[in-house]
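Me: Could you walk me through this one, a question at a time? I have the sequence and the structure open beside me.

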Amino acid sequence: MGGPFDTGSPGPRLPIAVAVVACAVSIWMWDGLRTSRRERVLATTSSIAADLDDSVVRDVVAARSVLASFAARWERAGARDPDTWRREADTLVAMIDGLDAIEWRSGDAPDRAATSDESVATYEMRIPVEPGGGAASPAPPLALVARFGVERQLDSILGERARGYAIDVRRAGRRVFARDLEDVGDAAGWWHATTTIRVPDAGAWELELRPTRALARTTLWPYPEYLLGASIALSLVLAVLLHEWRRARHQTRVLAASNRLLEDEQRALERLNVELESRVAERTEDLEDAIEELQAFNHSVSHDLRSPLGAILNFAAILEEDYASRALDDDGLALIGRVRRSALRGVDLLDGLLHLSRAGRAELAHDRVDMTALARDAFAQARAAELDHGDAELVLEPLPPARGDRRLIGDVLANLFSNALKYSRGNDKRRVEVRGWRDGGELHYEVADNGRGFDMRYAGKLFGLFERLHADDEVEGTGVGLATVARIVRRHRGRVWARGEMGRGAVFGFALPELGAPASGAASETE
């Protein structure tokens with residue numbers, strides 16, 4: 001490929017050197033694997049041979065212990081009933097594998113002569129016994145002599161042990177036991193283990209283990225050779241790839257630098273896009289809030305403020321007409337009181353709008369809020385704002401802490417408490433319950449009262465501005481409190497809800513994102 005970045009084809013020296021080194025490393029690894037496997041196989045075989053040695057010696061010692069116990073019970077062959085002795089002796093011969101016969105001999109009697117073949121294939125175990133009786137009738141010393149067949153004894157002891165190995169046991173240079181010798185594999189030239197078994201009363205036996213063909217096939221799978229061939233092939237492939245890589249490296253560096261520039265530009269564009277989307281979302285939300293406030297103000301001016309201002313004008317005209325030439329009497333004072341109440345209602349409406357506007361524009365301070373202490377303070381504030389309307393009981397459960405603006409969340413609780421106290425007037429015992437819990441990454445809080453309640457058919461209007469379900473002569477209010485609650489909770493990325501039943505109280509609740517959890521978005525609902 002021609003071009004300003006093409007430096008020509010690189011020479012073959014480095015790839016050839018890499019191929020040679022890789023082949024040398026492959027041969028070294030192959031030799032190491034083969035040697036390591038042989039050492040491991042030989043160590044395992046030696047361990048098995050040692051276990052067989054221990055087993056043979058242990059069984060011979062156990063047989064001697066049984067015979068010694070038997071001899072101790074029978075001090076003399078004629079000391080008890082000979083028939084009983086013979087039955088017990090035959091039972092013992094049948095019980096101990098490899099035991100051919102038991103007999104008593106005088107302690108000074110020589111061992112029975114045996115042929116050369118028989119002396120290799122058998123051995124005798126002599127167990128001296130001190131004779132019983134008193135000093136007046138001394139008895140010659142006795143010995144219990146047990147005769148063992150080596151092949152039968154080893155066949156019983158070795159049994160199924162060391163399956164996969166051919167076993168050859170020799171005594172005095174002659175074979176006394178063999179197993180699977182005809183199935184010895186080719187690896188037997190290096191793969192074998194020998195041990196000398198020191199058998200009590202029988203001298204030394206030479207035991208040799210060699211692998212069978214089946215064991216050699218399963219153990220000596222030729223993976224080192226496969227690895228060597230694969231490594232050499234990979235070495236050649238590596239040399240070719242290295243040569244091609246050196247040719248492409250320069251162009252790759254140029255492309256990588258260009259790609260980094262493109263990625264930096266892409267990330268910058270993504271950051272700018274995220275910032276723009278965030279700004280658009282913030283401006284849209286601010287615009288929606290502003291439109292809502294303008295609509296609320298328009299509604300207030302055109303409807304809610306019109307009523308008290310019209311009442312003020314009417315009552316002022318009546319006063320001007322009826323009391324122009326005379327002093328105020330009780331009826332006149334009553335008219336002035338009505339004027340004052342209408343003016344106060346207008347002031348309350350304006351204060352509510354101002355509070356709602358501040359709640360929508362105030363800077364949020366996201367701090368950890370102790371909701372239990374805040375609820376207690378907010379309830380005290382709501383009770384202090386009431387005139388004398390009787391006692392009210394607060395049942396406050398421990399509330400999970402939240403994160404948000406403490407002052408605004410306090411306004412939420414104060415509005416909910418004020419609402420609960422107003423709508424539970426007239427009860428013998430007013431009761432306000434506050435509870436909170438965690439659920440699905442949200443912190444839930446509810447304020448319940450035992451007041452008038454409401455018809456759930458109109459629940460959708462509760463959090464709207466100037467929406468009220470009761471007339472002023474029943475319960476005073478401006479219809480701004482719950483709208484303020486919804487506005488503050490929505491700014492904290494939470495949601496509000498309400499449920500109630502006529503004459504059986506109401507429950508107003510809100511949910512905030514849990515500490516450290518992502519916001520779930522603002523929403524209002526009724527249950």
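This is a predicted model: local features need pLDDT of at least 70, side-chain atom pairs count only at pLDDT 80 or more; totals for chains, interfaces and linings use all residues.

Me: Is Ser 55 buried or exposed?
Reply: Ser 55 sits in helix H1. Its relative accessibility is 4%, and the cut-off for buried is under 20%. Ser 55 therefore counts as buried.

Me: Which residues does Ser 55 touch, not counting residues up to four places away in sequence?
Reply: For this, contact means heavy atoms within 4.5 Å. With residues up to four places away in sequence left out, the partners of Ser 55 are Ile 157 and Arg 161.

Me: At what angle do H1 and H2 pack, and is that roughly parallel or roughly antiparallel?
Reply: The axes of H1 and H2 are 12 Å apart, and the packing angle is about 175°. Angles over 145 degrees count as roughly antiparallel. So H1 is, relative to H2, roughly antiparallel.

Me: Which residues make the contact between H1 and H2?
Reply: From H1 come Val 66, Leu 67, Phe 70 and Arg 73. On the other helix, H2, the contact residues are Trp 85, Glu 88, Ala 89, Leu 92 and Met 95.

Me: Which residues of H2 are buried, and what arc do they cover around the axis?
Reply: H2 spans residues 82-95. Its buried residues are Trp 85, Ala 89, Leu 92 and Val 93. They lie on the same side of H2, because the arc they cover around the axis is only 100°.

Me: What covers those buried residues of H2?
Reply: The face of H2 turned away from its buried side carries exposed residues, among them Asp 83 and Arg 87. The cover over the buried residues includes helix H1 (13-73), strand E1 (99-106) and strand E3 (142-149).

Me: In what order do the strands of the sheet run, and which stand at the edges?
Reply: The sheet is open, with 3 antiparallel strands in the order E1-E3-E2. Two of these strands have a single partner each, so one side of each is left without a neighbour in the sheet. Those edge strands are E1 and E2.

Me: Which residue of E3 is the bridge partner of Met 125?
Reply: E2 and E3 are paired in the antiparallel sense, over 8 bridges. Strand E2 covers 122-129. The bridge partner of Met 125 in E3 is Ala 146.

Me: At what angle does H4 run to E3?
Reply: Helix H4 is made of residues 150-158. H4 lies across E1, E2 and E3. Its angle to E3 is about 70°.

How values were computed: Residues are numbered from 1 along each chain as its sequence is written. Side-chain values use heavy atoms; hydrogens and water are left out. Helices (H or I, at least four residues) and strands (E, at least two) are DSSP runs, numbered from the N terminus. The expected span of a helix is 1.5 Å times one less than its number of residues. Buried means under 20% relative accessible area, exposed over 50%, partly exposed in between (1.4 Å probe, protein chains only). The arc is that of the directions from the helix axis to the C-beta atoms. Two strands pair if DSSP finds at least two bridges between them. Axes are lines fitted to C-alpha atoms, for helices over the stretch in contact, and angles run from 0 to 180 degrees between N-to-C directions. Angles under 35 degrees count as roughly parallel, over 145 as roughly antiparallel, 65 to 115 as roughly perpendicular and the rest as oblique.
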